Amino acid sequence: MRTILVVVSLMSVLYFACGQHLGLREGKFTFYEIQKPWSEAQASCREHHTDLITIRTETDIQVLNGTRGWIGLHRDNNTSNWKWSRRNETATFLNWDENEPSQNEHCVFQRPLTKKWSSVPCSATRVFICHDDGLILVKENKTWDEALEHCRTLNKVNRYDLATLTTDDDHNFARQTIQLATTEEVWTGLRYLGDEWFWVGGEPVQYQNIPNCPGVRCGVLEKNSNSLFGIRDCNERRNFFCYLKSIIM
């Protein structure tokens, strides 16, 4: 008897997903055409991404450009607050369609044409929208090389790496996020090797005043400094940033 090995691509397993990468602050959203109850959609997003999508502003609505599906908004009962699946955050922005929400319907679906929200029984099956954080602060103390390995093991559907900070918004968002760190400095993906500075993600280094032949060779962002970068001994241990790489699939 012959044994037949069937190899199925990851994208096939994930049911015709398509995604859009938006930057460090926004991250990436991925739409799945398969229909699932809300709790199963949540579990799938948490397994392969960060969570069901959180929508906090009208700008977020426009970025989704009419994408339909379960979102992370839900409530426990008719009298409880609406919360987001991610971090159990209480919703302050709501985008209900007319005559919504309904009683005894505790999960939320975004409509494609109106871009408005409808409450739906959580047991109903719908397509869904997952989200990946663009920047992750890891509150573990590791050397630079250990931090790099950790970020690269976060690979699920997408690829993570030690963080590249290239734009003003990248730096501003990272500076906000670093305030939650347990160390005064956080590793980034900046590294000196082979007589040149580079970002491990492959982007060009934009800093003008970086040393040409440094005694220490790994990059950090400092919590209490306005400097765009610092350089430290790669064997020191500190928290670190991982970032979601932009990949065309």
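**Exercise 1.** Over which ring does the charged end of Arg 238 sit?

*Solution.* This is a predicted model, where local features need pLDDT of at least 70, side-chain atom pairs count only at pLDDT 80 or more, and totals for chains, interfaces and linings use all residues. Residues are numbered from 1 along each chain as its sequence is written, and side-chain values use heavy atoms, leaving out hydrogens and water. Now apply the test: NZ of Lys or CZ of Arg must be within 6 Å of the ring centre and within 35 degrees of the ring normal. The ring is that of Trp 187, with the charged end of Arg 238 4.4 Å from its centre. Arg 126 likewise lies over the face of Phe 109, at 5.7 Å from the ring centre.

**Exercise 2.** Work out why the pair Tyr 207 and Phe 229 is stacked.

*Solution.* Start with the rule: rings of Phe, Tyr and Trp (its six-membered ring) pair if their centres lie within 6.5 Å, and planes under 30 degrees apart count as stacked, over 60 as edge-to-face and the rest as tilted. Here the centres are 4.6 Å apart and the planes at 25°, so the pair is stacked. Next, check burial (under 20% relative accessible area, 1.4 Å probe, protein chains only). Tyr 207 is buried at 8%, and Phe 229 is buried at 11%.

**Exercise 3.** Find which residues form one aromatic cluster.

*Solution.* A search of the whole structure gives 8 aromatic pairs. The cluster is formed by Trp 82, Trp 84, Phe 93, Trp 96 and Trp 117.

Notes
Buried means under 20% relative accessible area, exposed over 50%, partly exposed in between (1.4 Å probe, protein chains only).
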